[in-house]
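Let's take a walk through a protein chain together. Have a look at the picture before reading on.

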Amino acid sequence: YIDGFRPHVDPKTGIVHTRYNQVQTTTGRLSSSNPNLQNIPIRNEDGREIRKLFVARAEDRILIDADYSQIELRLLAHFSGCKELIDAYKEGRDIHALTASQVFGVPLSAVTPEQRRAAKAVNFGIIYGISDFGLASNLNIPTKQAGEYIRRYFETYSDVKNYMESNVAFARANGYVCTLSGRKRVINEIRSSNFNIRSFGERAAMNMPLQGSSADIIKIAMIRLFDRLRREGLRSKLILQVHDELILEAPLEEQEVVTKLLTEEMEGAIKMDAPLIAEAHTGHDWYTAKG
């Protein structure tokens with residue numbers, strides 16, 4: 001990572017500037033290059049150390065980092081109209097513990113950390129049209145057991161199953177799917193005679209409205225945030241976007257007002273049945289600001 005960053009450090013300022021690409025991903029997400037600042041890991045020690053290298057440009061400045069909480073699962077609840085999921089998000093409940101309770105047939109209070117971890121893998125796997133085999137690999141369990149988890153999930157959240165199937169049917173009939181804002185992605189693969197290619201198209205039809213809508217929402221939030229900062233005469237600047245995460249650099253005296261403003265603009269980007277939640281943290285370096 002460090003060797004890759006070095007050629008891109010501005011020799012006059014010591015600052016790294018990434019390049020954002022608007023139209024290189026099929027989902028509509030921004031991609032980052034020269035250097036890629038969207039692929040720095042956070043879950044391992046090396047990645048954490050690298051994030052500590054990214055610091056505010058002066059001692060009187062601070063980084064403010066906010067990211068959406070489970071935005072694609074919230075979009076799944078909204079699109080599918082699943083009352084159980086929508087109610088859970090409105091009430092601020094732990095969605096992974098709730099799913100574990102339903103899938104494993106135990107009271108919410110009796111859900112174990114292992115059951116919650118498995119339910120989390122099912123929740124996020126459903127977004128990507130995960131197979132029995134794929135879930136089994138993720139959880140290191142037998143394929144039959146993984147298939148049973150998925151079956152119970154869809155029994156519990158039948159609206160989600162109907163929604164996913166309707167996406168595939170729509171794509172097969174029309175050749176495309178849409179995001180929440182109406183942006184289309186053509187999916188020619190869904191009509192392929194090749195099973196593997198067709199299966200890829202079906203997974204894309206399930207996932208694109210979720211991941212693509214997430215991409216639309218963060219861009220709307222960025223525009224709202226930029227306009228608000230300018231309108232209120234603030235000196236803070238948006239400096240980085242990493243998928244569902246925005247990072248600003250702010251003068252210390254603006255820290256409190258801009259942290260509140262960032263959360264407001266992200267959460268207000270679009271109205272959904274399962275409300276958007278953005279969680280903000282601050283720090284002098286990126287690792288600390290990530291919370």
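Which residues are linked in a network of salt bridges? They are Arg-224, Arg-228, Glu-232, Lys-260, Glu-264 and Glu-265. A salt bridge here is a side-chain nitrogen of Lys or Arg within 4 Å of a carboxyl oxygen of Asp or Glu. Side chains of opposite charge can pair when their charged atoms come close. By that rule, the count comes to 25 salt bridges.

Before we go on, a word on where this comes from. This is a predicted model, where local features need pLDDT of at least 70 and side-chain atom pairs count only at pLDDT 80 or more, while totals for chains, interfaces and linings use all residues. Residues are numbered from 1 along each chain as its sequence is written, and side-chain values use heavy atoms, with hydrogens and water left out.

Now for some single pairs. In helix α2 (residues 45–51), Glu-45 and Arg-48 sit three residues apart, so about one helical turn separates them. Their side chains form a salt bridge at 3.2 Å, N to O. Helices here are DSSP runs of H or I with at least four residues, and strands are runs of E with at least two, numbered from the N terminus.

Over in helix α8 (residues 143–156), Arg-151 and Glu-155 are four residues apart, about one turn of the helix, and they meet in a salt bridge at 2.3 Å, N to O. Arg-151 is partly exposed at 39% relative accessibility, whereas Glu-155 is exposed at 55%. (Buried means under 20% relative accessible area, exposed over 50%, partly exposed in between, using a 1.4 Å probe and protein chains only.)

Stepping back, the protein chain has 12 helices and eight strands, and 47% of its 291 residues are buried.
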